[in-house]
Amino acid sequence: MIEFEDVTKRYPDGTVAVDSLSLRIPSNEITVFVGPSGCGKTTSLRMINRTIERTGGRISIDGEDINDKDPVTLRRGIGYVIQHAGLFPHKTVVDNVATVPRLLGWDKKRTRGVAMELLERVGLDLKLAERYPAQLSGGQQQRVGVARALAADPLIMLMDEPFSAVDPIVRHQLQEELLRLQRDIGKTIVFVTHDIDEAIKLGDNVAVLRVGGKLAQFAPPAELLADPADEFVESFIGQDRGYRALTFIKADDLPLAPVPPELSLADDGQPVGWKNGSGIDALGAVFQRGDSLRAAMDAVLTSPTGQGVCVDEAGKAIGVIDYTALAGVLRP
């Protein structure tokens, strides 16, 4: 567990970036710091590995004050991922990942083996291992950055807006990859973002900070959406917090209607699109039973017929739901 106790960061000119911040970050979960510019979220993150030194208060990891450790030793045990990956341009991909293990004195064979394994784990083609960062896309570079942060098997990972510099499609892929990795490895992750949707999607816990580095609310995403602490939190979450809250309700028990004849299917039963008088309209989004009600609602809203298509794990259509039936579930 990482604990902040009345932590303050005040600069020589009198600017207070973080003001008496107290919170407990649980082990083996993702905690997200979110808030507007100037709220101290990156400063708070960087005080954990002492790349920024606190002015007052106490930060501890599993009860031990981080100031009792040598800062270099502390940082070698904490993975760190930043916005533009921060890769060494003169090193190959595999050598970038191997940086910390080599500093720790691992032998060459073990270091390369771990580096290659991690590249595969973060979803990179091993053919890219001998390329240089400039030869990779932005999304590929971020995956290398995550692999490098994991290389020494740290208990803690700090991630400072790591996905904000890539396009929305790649960003979604990287978010899903992070969640998949977390299910496998169970690290203590502190993640900084300015995007409330990203915070809600990734966080087991979300710390909303207000300008001046004061904590406005610390709660699981569902609680944050259902019961914002004050007007600032409510306004930061946005007007559509009810829609966002659907993310936390599963679509397992939705009353599906049979697949209608106007839905065109491939030979394997996968939906292709909606038939009309002159051809086939686009399908829209689809969802599965294990998805959220938000995914089901999205399928309904993007369908040209107002019918969201539910598919099984193989992608075969198993039924549809329209807005009326979905609304009956939301407001019985």
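This briefing describes the salt bridges of the structure and where some of their residues lie. The model is a predicted one, and 17 salt bridges are found in it. Side chains of opposite charge can pair when their charged atoms come close. The points below take up individual pairs and then a network.

**A pair between two strands**
- K214 and D19 join their side chains in a salt bridge, with a distance of 3.3 Å from N to O.
- Because K214 belongs to strand β10 (residues 214-219) and D19 to strand β2 (residues 16-25), this pair ties together parts that are 195 residues apart in sequence.
- K214 is partly exposed, its relative accessible area being 39%, and D19 is likewise partly exposed, with a value of 26%.

**A pair between two helices**
- A salt bridge also links the side chains of E198 and R171, where the N to O distance is 3.0 Å.
- E198 sits in helix α8 (residues 196-202) while R171 sits in helix α7 (residues 168-185), so the contact ties together parts that are 27 residues apart in sequence.
- Both E198 and R171 are buried, which means that each has under 20% relative accessible area.

**A partly exposed pair**
- R102 and D95 form a salt bridge in which the closest N and O atoms are 3.2 Å apart.
- R102 counts as partly exposed at 41% relative accessibility, and D95 is partly exposed as well, with a relative accessible area of 23%.

**A network**
- Salt bridges also connect E5, R54, R58 and D65, which are linked in a network.

Notes: Residues numbered from 1 in each chain as written. Predicted model: local features only at pLDDT ≥ 70, side-chain atom pairs only at ≥ 80, totals over all residues. Heavy atoms only, no water. Salt bridge = Lys/Arg side-chain N within 4 Å of Asp/Glu carboxyl O. Helix = DSSP H or I, 4+ residues; strand = E, 2+ residues; numbered from the N terminus. Buried < 20%, exposed > 50% of the residue type's maximum accessible area, 1.4 Å probe, protein only.
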